[in-house]
Amino acid sequence: MPTSTTLEELAYLIGGDLQGDGKITISGVFPIEYAGHGHLTWLTSANHEKRLHESEASAVITTAKLDYGNKAAIICKHPDQGLATVLKHFEPSRCHPDTGIDTRASVEEHVSLGENIAIGAGAVIQKGVKIGNNSIIHANCFVGQDSTLGDNCILWPNVVILERCQLGNRVIVHSNTTIGADGFGYNSVAGKFQKIPHIGSVRIEDDVEIGAGSCIDRAQCHETVIGQGTKIDNLVQVAHNVQIGANCCLCSQVGIAGSTHLGDNVMLGGKVGVKDNISIGSRVKVFAYSAVAGNIPDDSTCLGIPAESQASSFERMKAIRQLPSILRKVRDLFQRVIHLENELHRPQQRNGKR
Amino acid sequence: MPTSTTLEELAYLIGGDLQGDGKITISGVFPIEYAGHGHLTWLTSANHEKRLHESEASAVITTAKLDYGNKAAIICKHPDQGLATVLKHFEPSRCHPDTGIDTRASVEEHVSLGENIAIGAGAVIQKGVKIGNNSIIHANCFVGQDSTLGDNCILWPNVVILERCQLGNRVIVHSNTTIGADGFGYNSVAGKFQKIPHIGSVRIEDDVEIGAGSCIDRAQCHETVIGQGTKIDNLVQVAHNVQIGANCCLCSQVGIAGSTHLGDNVMLGGKVGVKDNISIGSRVKVFAYSAVAGNIPDDSTCLGIPAESQASSFERMKAIRQLPSILRKVRDLFQRVIHLENELHRPQQRNGKR
Amino acid sequence: MPTSTTLEELAYLIGGDLQGDGKITISGVFPIEYAGHGHLTWLTSANHEKRLHESEASAVITTAKLDYGNKAAIICKHPDQGLATVLKHFEPSRCHPDTGIDTRASVEEHVSLGENIAIGAGAVIQKGVKIGNNSIIHANCFVGQDSTLGDNCILWPNVVILERCQLGNRVIVHSNTTIGADGFGYNSVAGKFQKIPHIGSVRIEDDVEIGAGSCIDRAQCHETVIGQGTKIDNLVQVAHNVQIGANCCLCSQVGIAGSTHLGDNVMLGGKVGVKDNISIGSRVKVFAYSAVAGNIPDDSTCLGIPAESQASSFERMKAIRQLPSILRKVRDLFQRVIHLENELHRPQQRNGKR
């Protein structure tokens, strides 16, 4: 981590337009409410303009459209991407093990290891494993026999990859995640569960990242697949034989039951549950805390328990919110109808009044 | 894993009737959509007959009632069980550690180890632990003091069993699961939480399987119990003092709060939550994404948040689906009643018309 | 664990009033339904008086207001606290590693270790780490570079603390929990996700306890905070930049999305989900299986999906429960209105009747 950089150097790195004094020294990057003297912050929404003006930040990354007052600024089209560049610049060194094989690691025979790899203490690399160049296996990880990792992968501490799993290039797996455990499959025979062997595997394509404490089960036969560029958060369950397309985003605590297929660019909010043996189309978005119980066509946005289209869900939610007033209205109508009936069925009285 | 077998050998193993050429060589078993030449697949539902006919599979396991066209077939009463037999036949060797104690394992004194056991690198077996015959403890597992495992158990890598837990025979625990951590119990004293010691234990009976990343907490006092033959999926929470009967099935991401009792043969769908200190009867089924907030009698099927009987839940869901149309109907009635009132209360005008 | 103690000694420890024979020997403490001869149990509610009378327990901890029959008793104002004292008394020794550094642990250079610490086999303590006095690091834990632990901390087996995290004094972290993994943050650039570096850290204040299998992600920049005395159960997700106040209680399988703030004394029931970038006030209570989708003011109690105040939720739930009967009522009204309309609009006939 560089201890300080001038603002103009950062503007150059980002490829943004510098406004104000480029010679000021930036020692770090912080959210608006925590940024102080010498810090860079960011402004991506008019909602936070006021907070920026009150902030002691020395400079801001933002767009031309927002009011950044008299602060020094780096103006760019995509401040989020500019911020990522700056974060990368200020990133301290990560806690990776040294290049080479720690003497306390267990590397079995018939293993193929690429160049410049690092294997931490207590890691176990079983026979038949192949690991590409520049990959990092942290302490106390397990890579089971005949599994393969591509180039530039990172397994953080205590990750478990069981046998015959295939990970592509630049795959990142966070701590305490398990890949390739047996799927949850039993036959019920005479009232008891009989385990179904899971002889399939897990294939994880390039550029996938999987959070901490998640589980990707091996297929009963053939393979469970996580498509290229898909990102999976913490504590997510992906059951046996699930097939996930490219560039999907599964937020924390999502659960996908067995043999379900997801297309590309699917976005599942936190805690979404998805039934087994269904198909979710490409570019589908499911709001957090929803339960998907049936197939969903491409390009749908849905939510609810069970999940349905945004339009019908909102109509229903609105109707439910109106329920107490409907109840009052129905009671009112009931009284008025009785009243009308009484009036109509006492014709003598009415006639008498005339 | 055998590289190939004849179809008649597989029919013999399954105990099924051979249809067609039994001499063909089967090199693997695959789902219909992935099965090719030389592969065996399975057909258990008329829904997939068309897919089978389009498949290049060389043979199929199925029942006499389904149309398997002109493919070679193994006919049996329970194709699911036949499939399990075939999967077992084709199962590659698992990534178990070699029999014996790895030199990098830590086995303390006063430990009782059965015959033919395997303990992987980095595993820690504390004093007073007893492990039965043929049990396998993978790398980097922890078995705390005075815990016991029966015969033929498997602890996959990075499983943690804390002290004084008892596991029966043929218990399987998948990676990154924790058994016997302290329950979540505190007294609130002057606005602060004071930890309640958890001096109880966990007892897991024979033939239980527990998925990856799950947690079974120890009892405050006495014991948390998982009954014989019960199967628990990944990322499941079983709190302190919970008692689960025999042959239950808890799907992924289920959570059961403290001191709740489940009978036998209970089936909880994915993400089901169960309140503390309640009783769920035997043979109860709870649909996925439901929240059980009260006692449930034997043989019930229920769902919803909060969970209720299937009948009343379906009635309510149907009514909710009708809500928008009810709303329109009430508005219509409202207008018609006003109209009626107006007609009735303008008698002069009506009389005048006559 | 003492094998036995007299009841009067326990009464003295608790500071309660002894009723009956204080000389009887107590060999253990058990729940009412499991307590037998020589055992102490507890009674905190009139609901269980009958069970106590049927129990074979030799003595009971209770309050003066409850009917404990003719059993020997320790009477105190807060039986729950009395029970905790007795549990502490009977607590067997925990399975902690011996004081010192296990020869199979990896402790890097430039580490500052307090007095009387214990580091188990396979643990990895990276450079720059500071650990206070009396702290215990169990087997196969990982403490990343420049992280700090205060005094009297316990990391149970297989805990992973990544780099630059700060844990206060008396912090307890249970097995397979991950602290300081990268948050789930990406920019979408040309249809692909680009990882945002997470250069922040995690700060965990004094007296926090975190359950097994949970995840506390590091901040994108600055820090994720868990406030003093807060207790977190198993399988809980705390995303990047979340700020949790003091003395909160997060039950199992809770998930809190990024940058959300919780005040002090917040209580979240099991499986509660909380949206990103919102604020939850102090002393807020959220019932289990609720989804918080917006800010919540101090002192609120709420529930539902999405969560709302207890009053409006109960009104709505009541209305939903009445839906089928509303439906019937609306149908009835509809028929009666048609009838009224018919009567009114057939004036000839009515007149003819007169």
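**Entry 1: how the copies relate**

I then took chain A on chain B: a rotation of 120 degrees, a shift of 0.0 Å along the axis and an RMSD of 0.1 Å.

A note to myself before going on: this is a predicted model, where local features need pLDDT of at least 70 and side-chain atom pairs count only at pLDDT 80 or more, while totals for chains, interfaces and linings use all residues. Residues are numbered from 1 along each chain as its sequence is written, and chains are lettered from A and ligands numbered from 1 in the order in which they are written.

**Entry 2: chain C against chain B**

I asked how many residues of chain C are in contact with chain B. The contact joins 55 residues of chain C to 55 residues of chain B, where two residues are in contact if their C-beta atoms, placed from the backbone, lie within 7 Å. On the chain C side, α3 (79–90) and α4 each supply at least two residues. Helices here are DSSP runs of H or I with at least four residues, strands are runs of E with at least two, and both are numbered from the N terminus. With eleven residues, α4(C) gives the most to this side. By class, I noted 29 nonpolar, 16 polar and ten charged residues on the side of chain C that touches chain B. For these classes, Ala, Val, Leu, Ile, Met, Phe, Trp, Tyr, Cys and Pro count as nonpolar, Asp, Glu, Lys and Arg as charged, and the others, Gly among them, as polar.

**Entry 3: chain A against chain B**

Here the contact takes 55 residues from chain A and 56 residues from chain B. I found that β22, β23 and α4 of chain A each supply at least two residues of the side that touches chain B. Which element gives the most to this side of chain A? It is α4(A), with 13 residues. The side of chain A that touches chain B divides into 26 nonpolar, 19 polar and ten charged residues.

**Entry 4: two α4 helices together**

Next I followed α4 (residues 310–345) of chain A to α4 (residues 310–345) of chain C. These helices pack at an angle of about 30 degrees, with their axes 9 Å apart. That makes α4(A) roughly parallel to α4(C), a label for angles under 35 degrees. Axes are lines fitted to C-alpha atoms, for helices over the stretch in contact, and angles run from 0 to 180 degrees between N-to-C directions. The crossing of α4(A) and α4(C) is left-handed, as the term goes if the near helix is turned anticlockwise from the far one by less than a right angle. I noted 17 nonpolar, one polar and six charged residues in the contact of α4(A) with α4(C).

**Entry 5: hairpins**

In chain A, β22 (residues 186–189) and β23 (residues 192–195) pair in the antiparallel sense over four bridges. Two strands pair if DSSP finds at least two bridges between them. Val189(A) stands opposite Lys192(A). The hairpin has two residues between the strands, and Ala190(A) takes a positive phi near 55 degrees. I looked in chain C too: four bridges join β22(C) to β23(C), which run antiparallel, and Tyr186(C) stands opposite Lys195(C).

**Entry 6: sheets**

Chain C holds an open sheet of ten strands in the order β9-β12-β15-β18-β21-β26-β29-β32-β35-β38, with parallel pairing. I found β9 (106–107) and β38 (291–292) at its edges, each with a single partner strand, so one side of each is left without a neighbour in the sheet. Within chain C, two bridges join β29 (residues 237–238) to β32 (residues 255–256), and Val238(C) stands opposite Ile256(C).

Four bridges join β6(B) to β7(B), which run parallel.

Conventions:
Parallel < 35°, antiparallel > 145°, perpendicular 65-115°, else oblique. Least-squares fit on C-alpha atoms with pLDDT ≥ 70 in both.
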